[in-house]
Amino acid sequence: MRIDVLGIGFDNLSLDQAADFAFDIISGEESAPTKTYVVTPNPEIVWLCRQNPTLRDNINHAGLVLPDGIGIIYGARILGTPFSGGRVPGIDFIDALFQRMAKAGKSVFLLGAKSGVAEAAGNALKKAHPGLIISGFADGYFTDSAALIAQINATQPDLLLVCLGAPKQELWMAEHLDRLNVPLCAGLGGSLDVFSGNVKRAPVFFQKLGLEWFYRIVTSPSRLKRSLSLPLFALSVFIQRLRN
C-alpha cells in the first residue's frame with residue numbers, strides 16, 4: 001500500500017527493503033515486476049506533478065516510488081500517514097543496490113551528465129563496488145533516442161541508471177520502457193556527478209538533519225528559483241490536512 005502525498009503515491013519501505021525489492025526485479029524473482037522503473041520524487045517534483053498530469057501519471061505508474069526529500073516525510077506526517085521506513089535518498093538507495101549487484105556480478109549502464117562524466121563515474125563505482133560490471137555509458141546530450149536505446153540494448157545491462165534530471169528522466173523512462181531490454185531503470189538526477197567526484201555531496205551533518213536541499217542551494221545559488229516551490233508544497237500539505 002502506498003502513502004499519498006498531494007497526489008503522488010510513495011512506497012512505504014526502508015532503504016534496505018527498497019534495495020532488496022529492486023534487486024529482486026533485476027534477478028527476475030517471480031514475485032517482482034518483470035520490467036519497470038524507479039523514481040525518487042522530492043517536494044519540487046511533487047509540486048511539478050500538480051502542473052503536469054503526464055508526469056504525475058508516469059511517476060505513479062513506476063514500480064518503485066521512493067520518498068527522497070525530507071519534505072515528503074514531514075508532509076506525510078502532517079497528513080496523518082507517516083512513513084515507517086523513513087526517508088530513502090536516491091543516491092543511498094542506488095549505492096545499496098550496487099552493493100547487492102556487485103556480489104552477484106550484475107551489470108549497469110550509466111546514462112546522463114556531460115561528456116566523460118558517466119565514464120569517470122563508472123571507474124569510481126568499479127573501485128567502490130568490486131564485482132559490479134559497467135556494461136556501457138553515454139552522456140545526457142543525445143538527440144536520437146532510438147540509436148541510444150539500440151546502444152543500451154546491445155550491452156544487455158541488468159540496470160539502466162538514467163541521470164537526465166527531473167522531469168526529463170521520468171518522462172523518458174516511461175516513454176521508452178517498452179523498447180528497453182532492461183529489467184529495471186532508475187532515475188537518479190545528478191548522482192553521476194557525485195559518483196565521478198565532480199560534485200561533492202552534502203556533509204553528513206546536513207544529511208542526518210535532512211538539510212541536503214539547503215546545502216545544495218547554498219553551494220549552487222542557481223537552484224534557488226527551483227526551491228521556490230517548497231513553500232507552496234508546504235502550504236498545500238497544510239490545506240490538505242485541514243480538508244481531511
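Guide: One term before we start: a residue counts as buried when its relative accessible area is under 20%, and as exposed when that area is over 50%. The model is predicted.

Visitor: Fine. In strand β8, which way do the residues point, and are they buried or exposed?

Guide: Leu-184 and Ala-186 point one way from β8, while Cys-185 and Gly-187 point the other way. All of these residues are buried.

Visitor: What does β8 pair with on the β7 side?

Guide: Strand β7, residues 159-163, pairs with β8, residues 184-187, in the parallel sense over four bridges. Leu-160 stands opposite Cys-185, and Leu-161 stands opposite Ala-186.

Visitor: And how many bridges link β8 to β3?

Guide: Three bridges, again in the parallel sense, with β3 covering residues 36-39. Here Val-38 is the residue opposite Ala-186.

Visitor: So what is the order of the strands in the sheet?

Guide: The order is β4-β3-β8-β7-β5-β6, six strands in an open sheet with parallel pairing. The edges are β4 (64-65) and β6 (133-138), each of which pairs on one side only.

Visitor: Switching to helices. Which residues of α7 are buried?

Guide: Helix α7 runs over residues 145-155, and its buried residues are Ser-145, Leu-148, Ile-149, Ile-152 and Asn-153. Looking down the helix axis, these buried residues fall within an arc of 130 degrees, so they line one face of α7.

Visitor: Why would residues spaced like that point the same way?

Guide: An α-helix has 3.6 residues a turn, so residues three or four places apart point the same way.

Visitor: What covers the buried residues of α7?

Guide: The cover includes strands β5 (107-112), β6 and β7, and also helix α8 (168-176).

Visitor: New topic: Arg-2. Where does Arg-2 lie?

Guide: Arg-2 lies in strand β1, residues 2-5. Its relative accessible area is 29%, so Arg-2 is partly exposed.

Visitor: What does the side chain of Arg-2 reach or join?

Guide: The side chains of Arg-2 and Asp-11 are joined by a polar contact of 3.2 Å. The Arg-2 side chain also reaches the backbone oxygen of Asn-60 at 3.0 Å.

Visitor: And which residues does Arg-2 touch, leaving out those up to four places away in sequence?

Guide: Arg-2 touches Gly-9, Phe-10, Asp-11, Asn-60, Ala-62, Gly-63, Leu-64 and Val-65. Take Leu-64: Arg-2 and Leu-64 are 62 residues apart in sequence, with 10.0 Å between their C-alpha atoms.

Visitor: Last topic, the whole chain. How many helices and strands are there?

Guide: The chain has 13 helices and eight strands. Its radius of gyration is 17 Å, close to the 18 Å that the globule rule gives for 244 residues, so the chain is as compact as a globular protein of that length. The C-alpha trace spans about 50 × 40 × 35 Å along its principal axes.

Visitor: What share of the chain is buried?

Guide: Buried residues make up 48% of the 244 residues. The chain exposes about 11,800 Å², and carbon and sulfur atoms supply 54% of that area.

Methods. Residues are numbered from 1 along each chain as its sequence is written. This is a predicted model: local features need pLDDT of at least 70, side-chain atom pairs count only at pLDDT 80 or more; totals for chains, interfaces and linings use all residues. Side-chain values use heavy atoms; hydrogens and water are left out. Two strands pair if DSSP finds at least two bridges between them. Helices (H or I, at least four residues) and strands (E, at least two) are DSSP runs, numbered from the N terminus. Buried means under 20% relative accessible area, exposed over 50%, partly exposed in between (1.4 Å probe, protein chains only). Contact means heavy atoms within 4.5 Å. A polar contact is a pair of N or O atoms within 3.5 Å; within protein, one must be able to donate a hydrogen and the other to accept it, and residues adjacent in sequence count only if both atoms are side-chain atoms. The arc is that of the directions from the helix axis to the C-beta atoms. The radius of gyration is taken over C-alpha atoms; the globule rule is 2.2 Å times the number of residues to the power 0.38. Accessible areas come from the Shrake-Rupley method with a 1.4 Å probe; for residues, only the protein chains shown count as cover.
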